[in-house]
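I set out to record what I looked up in this structure, entry by entry.

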Amino acid sequence: MAAGTALEPMTRGAAEKLAGRELDSAADEFSRIVERHRPQVFRFLLASTRDVDLAETLTQDCFLKAHRNWASFRGESSAMTWLMRIAINLQKDHWRNRRMQFWRLTRTNAVDMDEAGEWLPSGESSVERQLLAREQVGHVWTAVKGLSERQRTVFLLRYVEEQELSEIARATGLSEGTVKAHLSRAVAKVRAELGAKQ
Amino acid sequence: MNFWEKLGEERTGPRAEQGADTANDLALEQALKNFRLSVIAWSDAAYSRPRTLAQVVRRRSWRLAAGWALGCALLAGGVAGAGYERHQRIEAARIEAARVAEQQRVAREQQNLLREEQAKAEDEDLLAKVDSDVSREVPSAMEPLAQLMAEDGRR
């Protein structure tokens with residue numbers, strides 16, 4: 001008993017130091033994750049919602065949730081896939097809540113297709129090419145707007161984030177076959193939109 | 001091999017000979033590339049924009065205040081409307097009650113008048129009857145005198 005009492009301060013101090021070091025290293029690791037993946041998560045949420053303020057809020061929520069659950073992240077998938085999964089769930093929750101609170105529909109800040117299509121790749125040299133690119137981007141946005149939530153998510157993860165089908169399957173919690181089917185339908189709609197305007 | 005080369009190979013592999021499809025695929029691929037670059041440009045611009053927290057807070061608080069004001073106005077309008085409606089209903093009921101009371105008063109007055117006239121007529125009849133009875137019937141003590149007056153009259 002006496003020995004235990006004598007040893008206690010040392011043990012606690014060492015444990016605290018060790019835990020502190022572990023916490024510091026975990027915090028550093030998480031900071032690096034945030035730095036590396038925040039723009040990508042924001043981009044996905046911006047493309048999904050077309051609302052800069054909402055995308056920022058959801059991105060913050062995503063990293064807050066990730067930080068709270070960082071200890072339970074076992075590294076079975078990549079950190080990006082894990083973060084995307086959180087982002088997709090937050091987005092789903094947001095739309096579900098908004099559907100329940102129907103009066104909030106009037107408060108959406110989502111930009112329309114034309115405004116979203118205004119952003120052009122800077123590489124286009126001639127005015128004609130720029131116009132063509134703007135038109136194409138506008139058509140793709142129109143098609144994306146008409147996609148179901150799941151199709152849109154899969155489409156954006158594949159063609160904007162350039163993720164592999166297996167990664168998309170893990171992020172969305174779907175099977176690869178289902179992801180392929182959604183992707184195929186989404187591309188068909190984009191193709192039809194582009195074909196109809198040509 | 002980058003993402004788009006791999007994707008193009010996947011897509012055109014079994015249908016490389018079909019010229020029209022390949023052209024469509026190339027157009028689709030170009031559109032998707034442009035879309036991606038457009039989203040990246042938009043996202044980069046939005047991500048690196050200066051954060052205007054104060055403005056956002058002010059705008060949100062302004063929206064909140066506007067929402068509250070609108071809600072209060074609607075509530076006040078509803079309450080005032082309900083009060084006015086209730087007042088109107090009470091006023092209409094009061095007017096209707098006064099009208100009915102007036103009608104009843106007029107009817108009562110008419111009935112009273114009728115009753116008075118009937119009573120007056122009855123009194124007059126009674127008086128006339130009494131007068132005629134008084135003129136015809138004389139006390140027995142006056143009978144001889146009455147007979148004399150009658151004989152005088154005959155003569």
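The entries below concern a predicted model.

Entry 1, aromatic rings. I searched the whole structure and found 9 aromatic pairs over all chains. I then took up W70(A) and F73(A), which form a stacked pair with 5.4 Å centre to centre and 20 degrees between the planes. I noted that both W70(A) and F73(A) are buried.

I turned to F155(A) and F35(B), whose ring centres are 6.1 Å apart; their planes stand at 45 degrees, so I recorded the pair as tilted. Because F155(A) belongs to helix α6 of chain A and F35(B) to helix α2 (residues 19-47) of chain B, this pair joins two chains. F155(A) has 0% relative accessibility and counts as buried. F35(B), also at 0%, counts as buried. I found both residues in a cluster linked by ring pairs, together with W141(A), Y159(A) and W42(B).

R50(A) sits in the loop between α1 (2-49) and α2 (52-68) of chain A. Its relative accessibility is 15%, so R50(A) counts as buried. I also noted E162(A), again not a glycine, with a positive phi of about 55 degrees. E162(A) is in the loop between α6 (149-159) and α7 (165-172) of chain A. At 23% relative accessibility, E162(A) counts as partly exposed.

I located a patch of negative charge on the surface, where E122(B), D123(B), E124(B) and D125(B) gather. E124(B) lies in helix α3 (residues 53-136) of chain B. With 49% relative accessibility, E124(B) counts as partly exposed.

Definitions and conventions:
Residues numbered from 1 in each chain as written. Chains lettered and ligands numbered in written order. Predicted model: local features only at pLDDT ≥ 70, side-chain atom pairs only at ≥ 80, totals over all residues. Heavy atoms only, no water. Patch = residues over 30% accessible without salt bridge, like charges linked within 9 Å, V, L, I, M, F, W, Y side chains within 5 Å. Areas by Shrake-Rupley, 256 points an atom, 1.4 Å probe, with all protein chains shown as cover. Salt bridge = Lys/Arg side-chain N within 4 Å of Asp/Glu carboxyl O. Lys, Arg positive; Asp, Glu negative; His and termini not counted. Charge placed at Lys NZ, Arg CZ, Asp CG, Glu CD. Helix = DSSP H or I, 4+ residues; strand = E, 2+ residues; numbered from the N terminus. Buried < 20%, exposed > 50% of the residue type's maximum accessible area, 1.4 Å probe, protein only. Phe/Tyr/Trp six-rings, centres within 6.5 Å; stacked < 30°, edge-to-face > 60°.
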